[in-house]
Amino acid sequence: MAISDIQEQFELEKNIWTHADYEQMGWHDASIYGMTFQKTEDAWTGDFLLDIDYIFKWVHPNPPDKHFTFWIAPCTLVFKGCYDLRINLDTNSYAVDLLEIDDLLLNNTTELKNNFLEYDWTIDLQLGEINLKSSGFEQIVRKQPMYIDGQVLSLEQRGGISFDIQPC
């Protein structure tokens with residue numbers, strides 16, 4: 001099957017995903033290019049942003065091919081009203097070129113005053129973990145997913161490193 005045939009088989013469902021979509025999402029092997037913080041009107045919290053390559057679909061190989069191919073898009077993952085942030089990276093003897101997510105875990109949801117929900121997250125990394133609490137997340141798709149052989153887009157394909165929150 002030609003790549004153009006495969007490309008026609010994938011359609012992006014939406015370009016902004018939220019914590020309400022958590023159960024249907026998966027971040028395994030998503031690469032992190034950068035992280036930053038944005039102040040919010042609330043003096044006690046801020047938004048925690050990750051620039052990631054999100055794998056929308058793993059495509060099983062067609063024999064005689066033996067390797068998966070992937071539908072990947074650059075995304076900005078925004079944890080809204082983030083606090084109690086802890087980042088633990090343990091690179092040991094590994095060289096760090098990209099951080100890779102193993103899984104994003106929702107540990108707990110707590111209802112606070114005025115029906116406000118607090119989400120307790122762990123981002124398991126291949127080389128550590130990130131723990132945080134937030135009022136939820138948004139994942140903004142910045143470009144249409146691309147069909148590629150590997151799990152990482154080039155900087156050119158993804159448009160560089162970005163924390164843009166404008167959807168494609």
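**Entry 1: Asp51 and Arg158**

I looked up aspartate 51 and arginine 158 first, and both are buried (under 20% relative accessible area; exposed is over 50%, and partly exposed lies in between, with a 1.4 Å probe and protein chains only). I am working with a predicted model, where local features need pLDDT of at least 70, side-chain atom pairs count only at pLDDT 80 or more, and totals for chains, interfaces and linings use all residues. Residues are numbered from 1 along each chain as its sequence is written, and side-chain values use heavy atoms, with hydrogens and water left out.

Next I checked how this pair meets. Aspartate 51 and arginine 158 form a salt bridge, with their closest N and O atoms 2.8 Å apart (a side-chain nitrogen of Lys or Arg within 4 Å of a carboxyl oxygen of Asp or Glu). Aspartate 51 sits in strand E3 (residues 46-59) and arginine 158 in helix H2 (residues 155-158), so the bridge ties together parts 107 residues apart in sequence. I took helices (H or I, at least four residues) and strands (E, at least two) as DSSP runs, numbered from the N terminus.

I also found a network of salt bridges that links Asp51, Asp53, Arg142 and Arg158.

One joins aspartate 84 to lysine 133, with 3.6 Å between the closest N and O atoms. Aspartate 84 is in strand E4 (residues 69-89) and lysine 133 in strand E7 (residues 128-134), so this pair connects parts 49 residues apart in sequence. Aspartate 84 is partly exposed at 36% relative accessibility, and lysine 133 is partly exposed at 21%.

Another joins lysine 14 to aspartate 21, with the closest N and O atoms 2.7 Å apart. Here I noted that lysine 14 is partly exposed at 28%, whereas aspartate 21 is buried at 9%.

**Entry 2: the nonpolar cores**

Which residues have the most contacts inside the largest nonpolar core? I found Trp27, Phe56, Phe79 and Ile123, in a core of 31 residues (buried Ala, Val, Leu, Ile, Met, Phe, Trp, Tyr and Cys residues joined through side-chain atoms within 4.5 Å). Strands E3, E4, E5 (99-111), E6 (117-125), E7 and E8 (136-141) each supply at least two residues of this core.

I then followed isoleucine 123. Leaving aside neighbours within four places in sequence, its contacts include Leu50, Phe79, Ile101 and Leu132 (contact means heavy atoms within 4.5 Å).

Last, I noted a second, separate core of 6 residues, among them Ile72, Met146, Ile148 and Leu153.
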